[in-house]
2 protein chains.
Amino acid sequence: MNNLFEPIKMEPAYRRVAASIESKIMARDLNDGDTLPAETDLARQFQVNRSTVREALRELQSKGLVARREGGKRLFISHPQPADVASGVSRALALHGVTFLEVWEAMMVIEPQAAAIAARKRETAQLDELIELNSRFEALGSDHDQAIATVVQFFRALARCTQNRVLVLAQAPLTRLLSPTLARMIDQVPQARARIVTAQRHLIEAIRARNPDEARNWMEKHIRDFKRGYELAGIELDYRVAI
Amino acid sequence: MNNLFEPIKMEPAYRRVAASIESKIMARDLNDGDTLPAETDLARQFQVNRSTVREALRELQSKGLVARREGGKRLFISHPQPADVASGVSRALALHGVTFLEVWEAMMVIEPQAAAIAARKRETAQLDELIELNSRFEALGSDHDQAIATVVQFFRALARCTQNRVLVLAQAPLTRLLSPTLARMIDQVPQARARIVTAQRHLIEAIRARNPDEARNWMEKHIRDFKRGYELAGIELDYRVAI
DNA sequence: GCCGATATTCTGTCGGACAATCCGACTGTC
DNA sequence: GACAGTCGGATTGTCCGACAGAATATCGGC
């Protein structure tokens, strides 16, 4: 049966301080770039000890709501950077033991559609970036780490072409989780590089021509190819991704 | 010209402590449910002050890597809960001023495909949950908050039908960002509720019959309907979402 | 106005302290 | 044996005070 009383929650001071600052940020009462008052000042305002304020600040810092400028001392209000958010998501997924197959399936959901949208909305500079990344990938020698980094950058750049920050953020963790296993695949499947170059070329052409269907189809092929590559490389598909 | 030496980065002790514990967790050297040593003990092991350890712990706590059991005192290793991760993502998107249109577009990318996969992979218990949520939504009176919560739960439950944790996590922030504006829409468009019930019924039927195409089509209609509802409610589509 | 030296501020870290409270063990009662 | 009291140790939340070193502001000189 149902309990009559809810457990009362005694939130510690450092959490209340953090929540208070956070709400000011979310309400845009404190804006991006504003400098936060000094710790002693905050301690005075909240009527708590500086240690307590510091613990609250660590929390905000790891949420990405405040940050320190390069080599700087004072804290500034900042907005969570996509890279940080994405790394948090990847960490969570990795810890939950998500398999390669799940990541791949999610990419099959997102990437082809993203490519189609990119074909409709891309801007010239973004197309140039894709072209640049493609030729850089082709020019790379045997440095596999570089190669994988370039492939990942290609995916990210393509996501940016959609002009949709939600899609950019949804996609970032996927490529991040993919890259370690992608390394193994490129190592062991000789023809992988050529196939990637080809797919990228066709994608670029479709996006240049603003042809969504063609872009979607090629992206689908491209992603499907990854799975084929994994199978060829003898990597089990229920391999738990790691970062 | 290029500098010979890179600036060495002097990471503060609390960050090194946090990184050290985090790496132990990521390497599964510390497993889910294990109790963390007491603060004084950690301070002794790392040879730093307890205050320093505490700042490190706050960081891990807000990343969701350690948590405290209900009313407990000791810290335990835990895996980031999807809800926490999703709320971090939504916060980031909201702070970046993402518009309703971007969220909607992302939903158009993810949800129909997710529905198709759900139709292929759902289990019986999950289908029952969808049915339950649908009838609960229909039975609800004029309590709009309850209604929206139920709609959101329906989306989440449908995502779980895909058996894909990546999709679940990718989708969660979207519904979260959608719900505040969804409230406004249901308030102002009288026929909205009936249309939602109908769409959910058709979705359930398609998923029950394991018919991916039908599920995809109905989900597409369903999401498209949201946008129509917004237009009817006179909500501007470049409205910045908030949480 | 620009530049360098100096003073000031602020952070990172430390040590110690104390109340609250959680936990486990122990005890006695029904 | 199940259960309510009691008690002591362990642990957290919070505080205080302190100090070195780095970043920042100030000021005098050109």
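This is a predicted model: local features need pLDDT of at least 70, side-chain atom pairs count only at pLDDT 80 or more; totals for chains, interfaces and linings use all residues.
Me: What makes up the side of chain B that touches chain A?
Reply: In total, 34 residues of chain B are in contact with 34 residues of chain A. On the chain B side, the elements giving two or more residues are α3 (50–63), α4 (82–95), α5 and α8. The most comes from α5(B), with eight residues. By class, this side has 17 nonpolar, eight polar and nine charged residues.

Me: Which residues count as closest to DNA strand C?
Reply: The test is a C-beta atom within 6 Å of the strand. Of the 17 residues that surround DNA strand C, the closest are E39(A), P12(B), A13(B), V48(B) and N49(B). At least two residues each are supplied by α2 (39–46) of chain A and by α1 (13–26) and α3 of chain B. The surface near DNA strand C has six nonpolar, six polar and five charged residues.

Me: Which residues come nearest to DNA strand D, and how many are around it?
Reply: There are 19 residues around DNA strand D, and P12(A), A13(A), V48(A), N49(A) and E39(B) come nearest. Two or more residues come from each of α1 (13–26) and α3 (50–63) of chain A, and α2 (39–46) and α3 of chain B. The residues of this surface divide into six nonpolar, seven polar and six charged.

Me: How do you know that the span of helix α7 of chain B is close to the one expected?
Reply: The rule is 1.5 Å times one less than the number of residues. Helix α7(B), residues 144–161, has 18 residues; the expected span is 26 Å, and the helix reaches 26 Å from first C-alpha to last.

Me: Which residues of α7(B) are called buried, and what covers them?
Reply: Buried takes 20 or more other C-beta atoms within 10 Å. In α7(B) the buried residues include A147(B), I148(B), F154(B), F155(B) and L158(B), and also R160(B) and C161(B). Their cover includes α5 (100–121), α6 (124–139), α8 (165–188) and α9 (192–208) of chain B.

Me: Which members of the largest nonpolar core touch the most other members?
Reply: The core has 114 residues, and those touching the most other members are V103(A), L158(A), A215(A), V103(B), L158(B) and A215(B). Leaving aside neighbours within four places in sequence, L158(A) is in contact with A114(A), A115(A), A118(A) and L130(A).

Me: Why is Q163(B) called partly exposed?
Reply: Q163(B) has 17 inside 10 Å, so it counts as partly exposed. Q163(B) lies in the loop between α7 and α8 of chain B. Its phi is positive, about 60 degrees, although it is not a glycine.

Me: Why is A209(A) called exposed?
Reply: The limit for exposed is 12 or fewer. A209(A) has 11 other C-beta atoms within 10 Å and is therefore exposed. A209(A) lies in the loop between α9 (192–208) and α10 (212–232) of chain A. A209(A) and R120(A) are 89 residues apart in sequence and 9.2 Å apart in space, C-alpha to C-alpha.

Me: Is A233(A) buried or partly exposed, and where does it lie?
Reply: A233(A) is partly exposed, because it has 15 other C-beta atoms within 10 Å. A233(A) lies in the segment after α10 of chain A. Apart from neighbours within four places in sequence, its contacts are R184(A), M185(A), Q188(A) and V189(A). From A119(A), A233(A) is 114 residues away in sequence and 32 Å away in space, C-alpha to C-alpha.

Technical notes: Residues are numbered from 1 along each chain as its sequence is written. Chains are lettered from A and ligands numbered from 1 in the order in which they are written. Helices (H or I, at least four residues) and strands (E, at least two) are DSSP runs, numbered from the N terminus. Two residues are in contact if their C-beta atoms, placed from the backbone, lie within 7 Å. A nonpolar core is a set of buried Ala, Val, Leu, Ile, Met, Phe, Trp, Tyr and Cys residues joined through C-beta atoms within 7 Å. Ala, Val, Leu, Ile, Met, Phe, Trp, Tyr, Cys and Pro count as nonpolar, Asp, Glu, Lys and Arg as charged, and the others, Gly among them, as polar.
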